[in-house]
Amino acid sequence: MPGLLLLMPISLSLPAGVIAYGYRNYSPPLKRLLAHNNNDTALLRYLYLRSSCNNIPSQLTSLFFFKFFPTNLNCLLAGNSLFFRMERFCSGSSINKNKAMVEHLQHYGVISSKKVSEVMETIDRALFVPDGTPAYVDSPMAIGYNATISAPHMHATCLQLLEENLKPGMHALDVGSGTGYLTACLALMVGPQGRAVGVEHIPELANSSLKNIEKSAAAPLLKEGSLSIHVGDGRQGWPEFAPYDAIHVGAAAPEIPQPLLDQLKPGGRMVIPVGNIFQDLKVVDKKEDGSISVRSETSVRYVPLTSRDAQLRGY
């Protein structure tokens with residue numbers, strides 16, 4: 001289940017104040033956090049992100065370590081630890097409004113950008129999730145057709161990674177636009193002089209996303225034509241409005257699709273999850289001379305970027 005933590009104490013020789021647990025999502029940057037274990041804010045952010053799984057849970061259990069305050073194990077068993085506070089937060093019991101959701105993400109260090117917080121407060125997530133689902137819980141949610149809407153912290157992370165390439169007048173592409181939430185956010189960031197394009201290969205999702213956007217603060221941009229949703233294979237991009245300053249891909253590709261690299265503007269940036277069982281969120285920058293640099297931002301778990309038929313069959 002998304003957001004599920006598997007607690008399995010492991011007998012290891014560890015420094016004082018460090019506890020080891022098995023967890024479904026392993027993120028290598030934790031080692032760097034532990035090397036600077038006085039950075040409580042960074043550690044808090046790490047624990048928060050790892051307690052609200054990205055998109056779909058991994059089927060593999062990995063080991064991670066975290067600093068525990070206090071070191072008394074009885075506090076952990078009694079549920080008074082930082083870990084259990086994160087678990088209760090991720091259950092969504094204290095989040096019932098969009099603004100509160102964004103404020104929580106800011107509190108835990110997930111959102112640091114004023115622009116991103118403004119956009120996520122403006123676009124109400126409740127308009128883009130299925131009726132009856134807890135819209136403001138920081139968890140991915142099924143939207144039908146074997147697809148999901150990503151957790152809010154992943155949307156925030158991707159928007160921040162792309163922020164410098166989402167200035168007014170720029171062009172942005174959202175591959176696997178699903179319910180239209182992130183496409184609407186991209187549209188607000190690039191504004192009416194820019195262009196935000198969503199590509200979704202499930203026609204029913206594309207149609208419903210238009211209805212979602214029409215109810216949102218991005219509706220004027222849709223009406224004016226600077227925001228559009230198209231039915232197509234996102235792996236091929238959308239050449240009509242290329243090149244793009246920013247490309248977001250909402251599903252994991254086994255490798256970076258060449259058409260997306262071709263449609264990325266020199267000076268542009270793409271964020272894309274890459275991998276099969278083990279996935280990393282890749283940050284792809286195209287330099288002015290056309291050369292490409294790729295770095296890994298964090299470990300993630302997304303649904304596969306595949307054909308429509310394969311997705312409907314359950315991959």
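1. H6 and H8 pack with their axes 10 Å apart and at an angle of about 125°, which makes H6 oblique to H8. Axes are lines fitted to C-alpha atoms, for helices over the stretch in contact, with angles from 0 to 180 degrees between N-to-C directions; under 35 degrees counts as roughly parallel, over 145 as roughly antiparallel, 65 to 115 as roughly perpendicular and the rest as oblique. Helices (H or I, at least four residues) and strands (E, at least two) are DSSP runs, numbered from the N terminus.

2. This is a predicted model, in which local features need pLDDT of at least 70 and side-chain atom pairs count only at pLDDT 80 or more, while totals for chains, interfaces and linings use all residues. Residues are numbered from 1 along each chain as its sequence is written, and side-chain values use heavy atoms, without hydrogens and water.

3. On the H6 side, Lys115, Val116, Val119, Met120 and Thr122 meet Tyr181, Cys185, Leu188 and Met189 of H8, contact being heavy atoms within 4.5 Å.

4. The structure holds 1 aromatic pair: phenylalanine 128 and tyrosine 181 are edge-to-face, 5.6 Å centre to centre with 75° between the planes. Phenylalanine 128 lies in the loop between helix H6 (114-122) and strand S3 (141-144) and tyrosine 181 in helix H8 (residues 181-190), so the pair ties together parts 53 residues apart in sequence. Rings of Phe, Tyr and Trp (its six-membered ring) pair if their centres lie within 6.5 Å, with planes under 30 degrees apart counted as stacked, over 60 as edge-to-face and the rest as tilted.

5. Phenylalanine 128 is buried, at a relative accessible area of 1%, and tyrosine 181 also counts as buried at 1% relative accessibility (buried is under 20%, exposed over 50%, partly exposed in between, with a 1.4 Å probe and protein chains only).
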